[in-house]
Amino acid sequence: MLSPRQQHCLDHIGITRWTRAETNTTLPEPLLSDKAVSPQPQLAEPRIEVFIPVSVQPALAEKADNLKNYDLDHWPDLQLAIEACTNCELSQNCTRKVAGKGNTQAELMIIGEAPGQDEDLQGLPFVGRAGQLLDRILQAIGLNTQDVFITNILKCRPPNNRDPKLHEADACAQFLSAQIKFIQPKVILSVGRISAQTLLKDHSPLGQLRTRQHVLTDTNIPLLVTYHPAYLLRNPTQKVKVWHDMKNLKLLLSE
Ligand code: URA
């Protein structure tokens with residue numbers, strides 16, 4: 001049963017058919033029972049290899065030299081290093097670097113794609129319409145921004161919000177790796193195709209990736225995939241799937 005507050009939150013984010021999802025309350029059943037995605041093998045204890053790229057490509061090595069005086073294991077230095085980074089051309093055109101926001105001791109780390117226009121102007125991730133929807137989705141499972149740390153694959157906005165290029169994600173990877181190492185989240189939630197495919201090094205469709213529980217290699221951190229809130233703004237009927245994913249997430253966090 002949903003509490004009145006949960007019901008209110010669902011109404012708030014526009015999920016109108018949530019009562020049907022309620023027929024599956026045990027996880028991972030909600031993921032498996034999702035008829036709109038292709039069937040996946042049982043989720044027993046899948047251990048999907050996940051690669052977080054940490055190496056800087058040779059062509060970038062010289063530029064990366066400008067970061068050699070920063071200790072990425074030291075949080076304030078990490079922020080400064082992101083500010084100072086010129087490892088790819090995106091740094092030349094963004095208004096502000098967007099390192100991340102939230103609680104560095106959070107159990108949940110959310111990783112999106114890249115800053116958009118609002119984020120670029122404010123220097124904070126997920127502050128535009130998609131971010132507001134993400135906040136409401138988190139509220140629906142009883143979390144607020146203090147319960148999470150939110151960041152992106154890229155710390156600089158790509159022009160016209162185009163997809164990140166491989167070398168841009170590679171150039172930023174050392175920062176994301178350092179953030180994960182420092183925060184040591186209990187669970188990572190990857191939102192959207194770009195985030196999931198980059199983190200997992202797996203170009204399967206997002207609809208498939210979200211039906212499996214992954215593990216971040218070398219860390220044993222469980223990683224879940226869900227739709228990007230910007231996609232939900234365009235395709236509100238998909239919100240019911242995200243509600244399934246959120247219940248799965250909540251369960252993982254409570255283990
Ligand atoms: N979309 C993202 O992936 N990240 C943001 O910070 C904002 C929108």
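The ligand takes up the space of the largest pocket of this predicted model, a pocket being, on a 1 Å grid over the protein atoms alone, an open set of points where a 1.4 Å probe fits, with protein on both sides within 12 Å along at least five of seven lines. In this model, local features need pLDDT of at least 70 and side-chain atom pairs count only at pLDDT 80 or more, whereas totals for chains, interfaces and linings use all residues. Residues are numbered from 1 along each chain as its sequence is written, and side-chain values use heavy atoms, with hydrogens and water left out.

Around the ligand stand Gly-112, Glu-113, Ala-114, Glu-119, Pro-125, Phe-126, Asn-152 and His-228, each with a heavy atom within 4 Å of it. By class, this shell holds three nonpolar, three polar and two charged residues, with Gly counted as polar. Polar contacts (pairs of N or O atoms within 3.5 Å) involve the backbone: a backbone N or O atom of Glu-113 lies 2.8 Å from a ligand oxygen atom, a backbone N or O atom of Phe-126 lies 2.9 Å from a ligand oxygen atom, and a polar backbone atom of Ala-114 is 3.0 Å from a ligand nitrogen atom. Of the 240 Å² of accessible area that the ligand has on its own, the protein covers 91% (Shrake-Rupley method, 1.4 Å probe).

Six strands (DSSP runs of E, at least two residues) form an open sheet with mixed pairing in the order E1-E3-E2-E4-E6-E5, where pairing requires at least two DSSP bridges. Strands E1 (101-102) and E5 (214-216) stand at the edges with a single partner strand each, so one side of each is left without a neighbour in the sheet. E5 runs antiparallel to E6 (residues 221-226) and is joined to it by three bridges, with His-214 opposite Leu-223 in E6.

Technical notes:
Polar contact = N/O pair within 3.5 Å; in protein donor to acceptor, adjacent residues only side chain to side chain. 1 Å grid on protein atoms, 1.4 Å probe; cavity = no way out; pocket = protein on both sides within 12 Å on 5 of 7 lines; lining within 4 Å. Sits in = over half its atoms within 2 Å of the grid points. Helix = DSSP H or I, 4+ residues; strand = E, 2+ residues; numbered from the N terminus.
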